[in-house]
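Trainee: I am new to this structure and would like to learn how to read it. Could we go through it together?
Mentor: Gladly; let us bring it up.

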Amino acid sequence: MTPPTVQEALNSLHSKSYFSPVPTNITESDINDHDDPIILGVDEAGRGPVLGPMVYGVAYCKKSYQDSVIIPNYLFDDSKKLTDPVRRQLFSYMYGETRQIDQVGYATTVITPLDISSGMSRFPPTKQYNLNEQAHDVTMGLIQGVLNQGVKLDHVYVDTVGPPLSYQKKLQERFPNVKFTVEKKADALYCVVSVASVVAKVTRDLLIESLGFKNIGSGYPGDPNTKQWLRDTQTSVMGWPQNVVRFSWQTAKTLLDDNAEKGDGVDMQWEEDFISTKKSLQKQWERQLQERKQMEQDLPITLDNWYH
C-alpha cells in the first residue's frame, strides 16, 4: 500500500502537502489537559542531493502515547541509522490496513526539484529564495496546517536548519503560544522527531523510486554513481527532466557548461548574464567619460583647446 504522503505528490512538478486525519485520542481530549501535552517533531529528508525532492515531515501525538507506546515498542531513531526495510515497516504501522500506531498524526510537504531550483535561481540575486528560507517557510506552513486542524500543540521539537537560536526565535515569534526546542541532531534526541524523520525519508525514497530510473546512486553530488547517471542521461539542450534534477546545484551547472565547451551541448546565454555585462559596460563608459572630462578641466586654456 502506497503511503498517502506519496500519493499526494506523485507526478507533480510543484510542491504538495499532505495532512493525515487527527488521531481520535486528540480530537476527543480536553484541549485544556496540561498534564498530557501534545508534542510535535519536525525533520527533513533530501536536503543535499542534486536529484529528487526535499521532503519535510512532521509527526505529533500526546506525550503519554509517545512515552508509553512508541518508545517501549518501536525502534524509531534518526532515519539514517535505520535500514530501509525497517523504516518502511515503521511508517506502514501509521497508515497501513493494520495500523498499530494509530494515535500519531503526521504531515509532509514535498518540495520538488523545480520549485527548489526556480526559487534559488530568481533574478535579480537579491530576490533569490535560498534553501534555508524555503525550509523555514515549509516548516512553519506544516505547523500552521496542524494548528488549523484544531490541534492544540504544546511543544514542538525541530531538527535545526542553520543556527539553532535564531531559528528558534523566528519560530517562537511566529507561534507565540507554542514552546519550541530547536537542536542539531534532534532526530536522535527526541522520539517524536525520529518519527517525523522516518515519515520524511520513506516518502522521499518512494518518490525517487517512482521516477523509474536505475543506478542513480544516493542522489548526492559526491556519489560516483549519481555523477555517472547525470553524465549518461544528459541531453544537449535541456540537460535532464525538470522533475528529477535540481538545476540550481553546482554539480548540474558544471556538467551543462562542460558539455557546451566540448561541443556536445548548447551554450546557453542567460538574461542575467547579458544584463550584468551590459551594466558593466555602461559603468565602464561612464567612468571613461568622467576621466576625459577631468583631463579636459586640467588642460591649460589655449586657442586650440578653447575651440575644441
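Trainee: Which element gives the largest share of the lining of the second largest pocket?
Mentor: That share, five residues, comes from α9. Here helices (H or I, at least four residues) and strands (E, at least two) are DSSP runs, numbered from the N terminus. This is a predicted model, where local features need pLDDT of at least 70, side-chain atom pairs count only at pLDDT 80 or more, and totals for chains, interfaces and linings use all residues. Residues are numbered from 1 along each chain as its sequence is written, and side-chain values use heavy atoms, with hydrogens and water left out.

Trainee: How is a pocket found?
Mentor: Rolling a probe the size of a water molecule over the atoms shows where empty space is left. On a 1 Å grid over the protein atoms alone, a pocket is an open set of points with protein on both sides within 12 Å along at least five of seven lines, and lining residues have an atom within 4 Å of a point. Grid points are joined across faces, edges and corners, and a volume is the space filled by probe spheres set on the points. In this case the second largest pocket holds about 530 Å³ of space. Its lining has 28 residues, and Ala45, Gly46, Lys80, Lys201 and Tyr220 are the closest to its centre. Both β2 (38–45) and α9 (191–210) supply at least two residues of this lining.

Trainee: How many residues of the lining of the second largest pocket are charged?
Mentor: There are 14 charged residues, beside seven nonpolar and seven polar ones. In this scheme Ala, Val, Leu, Ile, Met, Phe, Trp, Tyr, Cys and Pro count as nonpolar, Asp, Glu, Lys and Arg as charged, and the others, Gly among them, as polar.

Trainee: How many salt bridges does the count come to?
Mentor: A salt bridge is a side-chain nitrogen of Lys or Arg within 4 Å of a carboxyl oxygen of Asp or Glu, and by this rule the count comes to eight. In one of them, the side chains of Lys63 and Asp67 meet at 2.7 Å, N to O. Both residues lie in helix α3 (residues 63–73), four residues apart, about one turn of the helix.

Trainee: Which partners does Asp84 have?
Mentor: Asp84 forms a salt bridge with Arg87 (3.5 Å, N to O) and another with Arg88, where the closest N and O atoms are 3.0 Å apart. Salt bridges that share partners join Asp84, Arg87, Arg88, Lys201, Asp205 and Glu209 into one network. Within helix α4 (residues 84–95), Asp84 and Arg87 are three residues apart, so about one helical turn separates them.

Trainee: Is Arg87 buried or exposed?
Mentor: Buried means under 20% relative accessible area, exposed over 50%, and partly exposed in between (1.4 Å probe, protein chains only). Arg87 counts as buried because its relative accessibility is 8%. Asp84, at 29%, counts as partly exposed, as does Arg88 at 24%.

Trainee: What about Lys62, which is buried yet has no salt bridge?
Mentor: Lys62 lies in strand β3 (residues 54–62). Its nearest side chain of opposite charge, Asp36, is 4.2 Å away; Lys and Arg count as positive and Asp and Glu as negative, while His and the chain ends are not counted. A polar atom of the Lys62 side chain lies 3.4 Å from the backbone oxygen of Asn25.

Definitions and conventions
Polar contact = N/O pair within 3.5 Å; in protein donor to acceptor, adjacent residues only side chain to side chain. 1 Å grid on protein atoms, 1.4 Å probe; cavity = no way out; pocket = protein on both sides within 12 Å on 5 of 7 lines; lining within 4 Å.
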